[in-house]
Amino acid sequence: MTTRIGVYPGSFDPLTLGHLDIVRRGARFVDRLVIGVTSNPSKEPMFTVAERLEMVRRETADLGNVSVVEFDSLLMDFAEREGATLILRGLRAVADFEYEYQMAGMNQQLNDRIETVFLMADVSLQPIASRLVKEIARYGGAIDKFVTPAVAADVAAKLVR
Ligand code: ADP
């Protein structure tokens, strides 16, 4: 039997409970899930790639078939390199649709052997966005409903520096 490998790319700046829910759901239907942490310099991240790698590794350590790597290339090249046949993306309401639709469509043109699969997080976790988590934290709001306690501590540590 062939091993089904999926990649889940993102910036994870920081990793939220929404991301983690997508990881858990995704890990159930692939044999191996490779989380790809992008450097994405256009987004001016709060955390360096090394910090995000460590954060995602720590928070997914209990999932035996999940690994975490950095990638800084075309998504399709990354997926090929990992031997993946699936790209997982999370879809939140309408806001994500246009961008995700375009990206999946263009990626399909680049490589038709790799399918993009969209998953929905648990309804209670769908509104969560890394960008808003950072904004709330910067203004002193509580983010513990949106991230794990360890990630909340990571964000707090960034803000006191
Ligand atoms: P990117 O910069 O690639 O958009 P993100 O870290 O923001 O990276 O998100 C990675 C993926 O996780 C995207 O597919 C995004 O739509 C999805 N995602 C993020 N937050 C949620 C959420 N709360 N529910 C479902 N999917 C989500």
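This is a predicted model: local features need pLDDT of at least 70, side-chain atom pairs count only at pLDDT 80 or more; totals for chains, interfaces and linings use all residues.
**Exercise 1.** Determine how helix α2 is oriented relative to helix α6, and describe their contact.

*Solution.* 
Step 1. Helix α2 spans residues 49–59 and helix α6 spans residues 149–160; they pack at an angle of about 160 degrees, and their axes are 11 Å apart.
Step 2. Angles over 145 degrees count as roughly antiparallel, so α2 is roughly antiparallel to α6.
Step 3. The crossing of the two helices is right-handed.
Step 4. Helix α2 contributes Glu51, Met55, Arg58 and Glu59 to the contact, while α6 contributes Ala150, Val151, Asp154 and Lys158.
Step 5. Of these residues, three are nonpolar, none is polar and five are charged.

**Exercise 2.** Explain which parts of the chain the salt bridge between Arg52 and Asp13 ties together, and classify both residues as buried or exposed.

*Solution.* 
Step 1. The closest N and O atoms of Arg52 and Asp13 are 3.9 Å apart, and a salt bridge requires a distance within 4 Å.
Step 2. Arg52 belongs to helix α2 and Asp13 to the loop between β1 and α1, so the pair ties together parts 39 residues apart in sequence.
Step 3. Buried means under 20% relative accessible area. Arg52, at 1%, is therefore buried, and Asp13, at 5%, is buried too.

Conventions. Residues are numbered from 1 along each chain as its sequence is written. Side-chain values use heavy atoms; hydrogens and water are left out. Axes are lines fitted to C-alpha atoms, for helices over the stretch in contact, and angles run from 0 to 180 degrees between N-to-C directions. Helices (H or I, at least four residues) and strands (E, at least two) are DSSP runs, numbered from the N terminus. Angles under 35 degrees count as roughly parallel, over 145 as roughly antiparallel, 65 to 115 as roughly perpendicular and the rest as oblique. A crossing is left-handed if the near helix is turned anticlockwise from the far one by less than a right angle, and right-handed if clockwise. Contact means heavy atoms within 4.5 Å. Ala, Val, Leu, Ile, Met, Phe, Trp, Tyr, Cys and Pro count as nonpolar, Asp, Glu, Lys and Arg as charged, and the others, Gly among them, as polar. A salt bridge is a side-chain nitrogen of Lys or Arg within 4 Å of a carboxyl oxygen of Asp or Glu. Buried means under 20% relative accessible area, exposed over 50%, partly exposed in between (1.4 Å probe, protein chains only).
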